[in-house]
Amino acid sequence: MSIQVSPSPIPNSNTVRLISMLDRDDYLTGLLNQVTATKTEGWLQELRQSAANWVRHSTIPTTREEEWRFTDLSSLRKVQFNIETVNHVSLQFDILPEAANSRLVFVNGVFAPELSAVSDLPSGIVVNNLAGLSVVEQQAVQQYLAQAEGAQEVFTALNTAGITDAAVVWVKKNVVVEAPIHLVFISFAGETATISQPRCLVVAESGSQVTLVEEYANRRSAEEGVYLTNAVTEIWVGDNAQVSHTRVEWEGAEAFHIGKTAIAQARDSRYTCHAITLGAKLSRHNLEILQTGEQTQTTLNGLTIISGKQLADTHSAIALNYPHGTSEQLHKCIVGDRAHAVFNGKVFVPKPAQLTNASQLNRNLLLSSKARVDTKPQLEITADNVKCAHGATVSQLEDDEIFYLQSRGIDENDARKLLINAFAAEVINKIPVPSLREILLNTVNNLKSLTNE
């Protein structure tokens with residue numbers, strides 16, 4: 001007999017099913033054995049062991065569970081993943097000029113110092129891998145690593161159970177960092193299907209400001225292979241701190257990507273996220289924001305562009321627990337061929353959160369008669385003095401718009417491409433790093449599959 005337990009106050013945290021040893025998920029146990037094969041010491045090993053104990057009594061979600069009913073992981077369960085050491089020499093990736101000397105690179109979850117560059121950072125900021133921190137810095141990290149709400153969700157716990165290293169960005173009080181911090185997580189298959197578990201911790205102390213670019217990519221020439229990236233990022237935004245966060249996922253065509261971003265916002269803090277999803281055969285991004293003080297500002301901009309038989313799932317939850325909070329969310333999906341996009345966004349406004357202002361909009365553009373989107377924006381409000389709104393739209397390219405452009409001498413294919421680019425640009429143009437904006441706009445412009453039925 002199994003029982004359902006909600007492990008986290010974050011309402012959107014995926015329900016973890018506790019099971020008896022007789023009902024043990026052997027596939028999940030196999031993944032756990034892979035990621036825990038390498039041992040660590042001290043507090044980190046204790047943290048890993050606690051998470052591993054939770055995973056052993058959990059199962060991989062199925063479509064019978066409400067939070068996963070549109071995302072079938074049965075294809076994931078057919079693959080035997082392994083931890084594998086990789087060669088860094090042949091790797092290529094875009095170096096952002098703005099972050100030429102503020103970059104950390106991890107390959108299949110392993111820190112690559114020869115590809116990283118952190119030589120031009122101001123005092124008051126630490127950008128390093130976990131193993132490279134001083135003893136004092138590691139003691140400070142203990143107070144935050146794996147302490148975010150929702151840590152017992154099964155894929156999050158699996159990541160924690162396998163932590164051997166992590167990207168750490170720590171901005172001291174009142175420090176303003178002008179250059180963006182570029183965190184690059186490169187994953188790919190080796191001789192066999194590979195699992196990697198990138199981990200990222202960001203702490204912005206009170207009054208600080210920082211811009212982050214978090215990138216998940218396959219950058220090994222034209223090679224494709226099956227691999228799983230199970231990533232977790234925790235961001236702690238202190239009182240009156242400001243974090244601008246851009247997350248770009250463009251994994252390989254046969255890859256699986258499961259991502260979790262957990263944000264805790266203290267009083268008067270401002271957090272902005274630009275989440276771009278382009279790659280992977282199957283991807284899921286869980287974005288969870290927990291308000292821990294009043295008068296916070298939260299801005300979420302999302303863009304999903306998929307084609308072929310891709311499946312991309314975005315689940316977000318914003319828990320506004322204090323008065324005078326503001327949140328604004330816009331998530332767009334461009335879906336071509338037989339691809340399937342999923343959006344589930346929740347905003348929770350309990351009774352103490354008076355004078356909250358929250359808006360949420362999901363706009364979807366279907367480019368094929370066989371493309372599919374499942375959208376579910378949600379507001380759950382018990383406060384009585386708030387201003388909240390939500391909505392969703394699903395549309396196709398309008399024939400009269402295409403005809404209008406053709407009448408101005410633009411051929412049909414270019415007309416379709418122009419309309420698609422304009423739809424995507426509303427989100428991309430909000431990214432605060434000019435070189436990354438240009439790369440993404442060029443990428444969208446060159447996605448030929450989007451302009452063909």
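Biologist: Which residues lie nearest the centre of the second largest pocket, and how many line it?

Modeller: K281, L282, K309, Q310 and L311 lie nearest its centre, among 14 lining residues. A pocket is an open set of points on a 1 Å grid over the protein atoms alone where a 1.4 Å probe fits, with protein on both sides within 12 Å along at least five of seven lines; lining residues have an atom within 4 Å of a point. This is a predicted model: local features need pLDDT of at least 70, side-chain atom pairs pLDDT 80 or more, while totals for chains, interfaces and linings use all residues. Residues are numbered from 1 along each chain as its sequence is written, and side-chain values use heavy atoms, without hydrogens and water.

Biologist: How much space lies in each pocket?

Modeller: Volume is the space filled by probe spheres set on the points, which are joined across faces, edges and corners. The second largest pocket holds about 270 Å³.

Biologist: What lines the largest pocket?

Modeller: It has 25 lining residues, with I83, N108, G109, V110 and T164 nearest its centre. Strand β8 gives the largest share, three residues. Strands (E) are DSSP runs of at least two residues, numbered from the N terminus.

Biologist: Is Q378 buried or exposed?

Modeller: Buried means under 20% relative accessible area, exposed over 50%, partly exposed in between (1.4 Å probe, protein chains only). Q378 has 16%, so it is buried. Q378 sits in strand β21, residues 372–381. Beyond neighbours within four places in sequence, Q378 is in contact (heavy atoms within 4.5 Å) with N344, G345, K346, V347, Q360 and H390.

Methods: Helices (H or I, at least four residues) and strands (E, at least two) are DSSP runs, numbered from the N terminus.
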